[in-house]
Amino acid sequence: MRTRSVGKSWRKLLGSQQAPAGLTLVTECPPLPQDGTEAIAQWLDRNPDTRMVVIDVFAKMRGQAPQGVSAYNADDVPVGYAKRLADHYGIAVVLVHHVR
């Protein structure tokens, strides 16, 4: 996982205000079923004060859907990974899903 400082998009949102002290953006992570869950768990272990993880966009983190599986069923397994992370660490996990 690669971490970077607040980028241009955040500067546009924040204007002249400083980003919250605890904000960390991670810009690369494997899909949840391919070690992404473990990568996030390791990050959370190193950052125990974390209260929320936002996964944007979920489609990139869910991994490849098996051929012939409905969209609902394709999302069920990776959503389960996120739910287990939330439950284990007592945090919110927000999955951003775009429909267009």
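Student: Which residues does Asp 75 touch, not counting residues up to four places away in sequence?

Tutor: Bear in mind that this is a predicted model. Asp 75 touches Phe 58, Arg 62 and His 97.

Student: Where does Asp 75 lie? And is Asp 75 buried or exposed?

Tutor: Asp 75 lies in helix α4, residues 71–89. Asp 75 counts as buried because its relative accessible area is 16%, and the cut-off for buried is under 20%.

Student: Switching to the core. Which residues make up the largest nonpolar core?

Tutor: Eleven residues: Leu 32, Ile 40, Ala 41, Trp 43, Leu 44, Val 53, Ile 55, Phe 58, Met 61, Leu 85 and Ile 91. The largest share is from α2, with five residues. As background, nonpolar side chains tend to be buried together in soluble globular proteins.

Student: What is Leu 32 in contact with, leaving aside its neighbours within four places in sequence?

Tutor: Thr 37, Ile 40, Ile 55, Phe 58, Met 61, Pro 78 and Tyr 81.

Student: Now β3. Which residues are on its covered face, and which on the uncovered one?

Tutor: Val 53 and Ile 55 form the covered face. Met 52, Val 54 and Asp 56 form the uncovered one. In a regular strand, side chains alternate between the two faces of the sheet.

Student: Which residues make the nonpolar surface patch of about 250 Å²?

Tutor: Met 52, Val 54 and Val 94. Val 54 is in β3. Val 54 counts as partly exposed because its relative accessible area is 47%.

Student: In what sense do β3 and β4 pair?

Tutor: Parallel, over five bridges, with β4 spanning residues 92–96. Ile 55 stands opposite Leu 95 in β4.

Student: Backbone next. Where is the cis peptide bond?

Tutor: A cis bond joins Asp 56 and Val 57, with omega about 10 degrees. Val 57 sits in the loop between β3 and α3.

Student: What about phi of Asp 35?

Tutor: Phi is near 80 degrees there, a positive value in a residue other than glycine. Most residues other than glycine have a negative phi, and most peptide bonds are trans.

Student: Where is Asp 35 found? Buried or exposed?

Tutor: Asp 35 is in helix α2. Asp 35 is exposed, with a relative accessible area of 51%.

Key: Residues are numbered from 1 along each chain as its sequence is written. This is a predicted model: local features need pLDDT of at least 70, side-chain atom pairs count only at pLDDT 80 or more; totals for chains, interfaces and linings use all residues. Side-chain values use heavy atoms; hydrogens and water are left out. A nonpolar core is a set of buried Ala, Val, Leu, Ile, Met, Phe, Trp, Tyr and Cys residues joined through side-chain atoms within 4.5 Å. Buried means under 20% relative accessible area, exposed over 50%, partly exposed in between (1.4 Å probe, protein chains only). Helices (H or I, at least four residues) and strands (E, at least two) are DSSP runs, numbered from the N terminus. Contact means heavy atoms within 4.5 Å. Patches are made of residues with over 30% relative accessible area and no salt bridge: like charges are joined within 9 Å, nonpolar side chains (Val, Leu, Ile, Met, Phe, Trp, Tyr) within 5 Å. Accessible areas come from the Shrake-Rupley method with a 1.4 Å probe; for residues, only the protein chains shown count as cover. A salt bridge is a side-chain nitrogen of Lys or Arg within 4 Å of a carboxyl oxygen of Asp or Glu. Two strands pair if DSSP finds at least two bridges between them.
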